[in-house]
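Here are a few exercises on packing, with worked solutions. Grab your viewer and work through them in order.

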Amino acid sequence: MEQLLPEKMKIIAIQNYGPSGTLFLHSLLDNHPDVIQLPGLTGIHLLKNIEVHLEKEDLTASNLGSIFFLAYDCLFNPEHLSYDHGLIYLGQDCNENPCVDKENFGKDYLRYLKYLMERDGLPPQIAPGQENKYLRIFFHAIYAAYAKGLGQDPSQKRTLVYPI
């Protein structure tokens, strides 16, 4: 099996507390060759949004991606960007945005998800007691698909940065 993503990944959580410099720290890590992250504070509520759905009996790992699409449309549609997440006025001329193509993101997400599930021997249906394993691969697949959408190579990323 071709190695699409690194076997091991460090996860770093950055604590957000009001105007504490979290966005500034994230901006310093942007485009670091070893770091994979979502822009600004986009992912800060990701875990909470997904955990609500993990309690459903018929949930599959690919359904988690649909939940992400609904909750994080701002990553695909520039009209839905929010100042609260630090996603506007980006770039040297303050005219760039962090949006990626939704269709390609979806294809890449499913490709990375399938790869990680096969690599870890997980079935598509989320079994009770296995939620944490699926959360780990869900996060990895989401972050990898976003990096790919930015033109980065997720197979070279060794550290996932997540705001909490």
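This is a predicted model: local features need pLDDT of at least 70, side-chain atom pairs count only at pLDDT 80 or more; totals for chains, interfaces and linings use all residues.

**Exercise 1.** Find which residues of helix H3 are buried, and what covers them.

*Solution.* Start with helix H3, residues 61–71: its buried residues are Ala61, Leu64, Gly65, Ile67, Phe68 and Phe69. Buried here means under 20% relative accessible area, with exposed over 50% and partly exposed in between (1.4 Å probe, protein chains only). Helices (H or I, at least four residues) and strands (E, at least two) are DSSP runs, numbered from the N terminus. Next, look at the cover, which includes helix H2 (46–54), helix H4 (102–120) and helix H5 (131–149).

Residues are numbered from 1 along each chain as its sequence is written, and side-chain values use heavy atoms, leaving out hydrogens and water.

**Exercise 2.** Describe the geometry of the ring pair Tyr109 and Phe138, and say whether each residue is buried or exposed.

*Solution.* Rings of Phe, Tyr and Trp (its six-membered ring) pair if their centres lie within 6.5 Å; planes under 30 degrees apart are stacked, over 60 edge-to-face, the rest tilted. The whole structure has ten aromatic pairs. Phe69 and Phe105 make an edge-to-face one, at 5.6 Å centre to centre and 70° between the planes. Now for ours: Tyr109 and Phe138 are also edge-to-face, at 6.2 Å and 80°. This pair bridges helix H4 and helix H5, 29 residues apart. Tyr109 counts as buried because its relative accessibility is 1%; Phe138 does too, at 0%.

**Exercise 3.** Why is strand S3 largely enclosed by the rest of the structure?

*Solution.* Count first: five of the five residues of S3 (residues 159–163) are buried, so the strand is largely enclosed. Then check the faces: Thr159, Val161 and Pro163 are buried on one side, Leu160 and Tyr162 on the other.

Definitions and conventions: Contact means heavy atoms within 4.5 Å.
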